[in-house]
Every structure is written in C-alpha cells, then in structure tokens.
Amino acid sequence: MSKRVVKPDELASVIANITSEAIRRTEAEVAERIIRRTPVQTGTARGNWNSSLNSPDRSINNTADRNGSRQTRKAKVVLQKAELNDTFYLTNALPYVSELERGSSTQAPQGMVALSVAEHEAIFKKVVRKL
C-alpha cells in the first residue's frame, strides 16, 4: 500500500478531513447500535429515531421500521452532510421511549442509548485504526 506524501501547507486540511471522517463513522455506528437495540413490538419505536444536524428533530411519525435499516440509512445520510463543527442529534420523541431506555422491555433490559454511548470510545478507537 502506498502512502501519499502530505505537504506542510496541506497538513491541516488532511487532518481535518480524517478527523471528520472518523467522527462521522463513529457516530453512524453509535446511532446504528441505538436503533438496533431498540425493542420491537410493532417497529414504531425504531421508526421514530430521527437524525438531524445542529438542532434536535422531535417529530413523531407512525412509520414502523422493524429491523431499523431505514432509520440507520437516514442517520448515515445526515452524517455524510456533517462538517467538523456540526452537532449530530439522534432523537426519539415517543412518550414511552424513556421507559424503554430504563429497561421496561425484556428485549433491552439495559436500555439502548446509555449502553451504546458507553461504547463510544471503543468504537472511535476501532474506526481510527481502520482509517
């Protein structure tokens, strides 16, 4: 594998690009874990994970996403638009999602969000090693 030589005046840009990509990939993995760990009865809880940049999307829809693939794809699309200083939000405004997070479902007794966020550092390290 050949390595490209980076000129000193290009270094800041290269570092910013690599950093942005590492953050996007890490956040995509965390979002996917949250979505896939969300318990499924009808798929509505999974279908209400909303991805947005710089402000939370607290909308509620009646669309089910039983396997989480649609909402995971949406998160990845949003993250591809993210720049280094953007804030990524993954929100779910269903009134019962906080109960699911507290372990009310036997499908996710440890919740989804806290568990996935706790893995954030390990995911980031894995992503950086692959870049």
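These legends describe close-up views of one predicted model.

The model is predicted, so local features need pLDDT of at least 70 and side-chain atom pairs count only at pLDDT 80 or more, while totals for chains, interfaces and linings use all residues. Residues are numbered from 1 along each chain as its sequence is written, and side-chain values use heavy atoms, with hydrogens and water left out.

**View 1. The whole fold.** The protein has six helices and two strands. Both are DSSP runs numbered from the N terminus (helices: H or I, at least four residues; strands: E, at least two). Along the sequence, the pattern reads α-α-β-α-β-α-α-α. The C-alpha atoms fill a box of roughly 55 × 25 × 20 Å, taken along the principal axes.

**View 2. Helix α1 against helix α3.** Two packed helices are described by the angle between their axes and the distance between the axes. Here α1 spans residues 11–37 and α3 spans residues 69–80. Their axes come within 9 Å and cross at roughly 160°. That makes α1 roughly antiparallel to α3. Axes are lines fitted to C-alpha atoms, for helices over the stretch in contact, and angles run from 0 to 180 degrees between N-to-C directions. Angles under 35 degrees count as roughly parallel, over 145 as roughly antiparallel, 65 to 115 as roughly perpendicular and the rest as oblique. In α1, the contact residues include Arg24, Ala28 and Ile35; in α3, they include Thr72, Ala75 and Leu79. Contact means heavy atoms within 4.5 Å. The residues of this α1–α3 contact divide into five nonpolar, four polar and five charged. Ala, Val, Leu, Ile, Met, Phe, Trp, Tyr, Cys and Pro count as nonpolar, Asp, Glu, Lys and Arg as charged, and the others, Gly among them, as polar.

**View 3. Helix α1 against helix α6.** Helix α6 covers residues 120–130. The axes of α1 and α6 come within 9 Å and cross at roughly 135°. The two helices are therefore oblique to each other. Among the residues in contact are Ala22, Val30 and Arg33 of α1, and His120, Phe124 and Val127 of α6. The residues of the α1–α6 contact divide into six nonpolar, two polar and five charged.

**View 4. The lining of the largest pocket.** The largest share of this lining, four residues, comes from α1. By class, the lining has six nonpolar, two polar and four charged residues.
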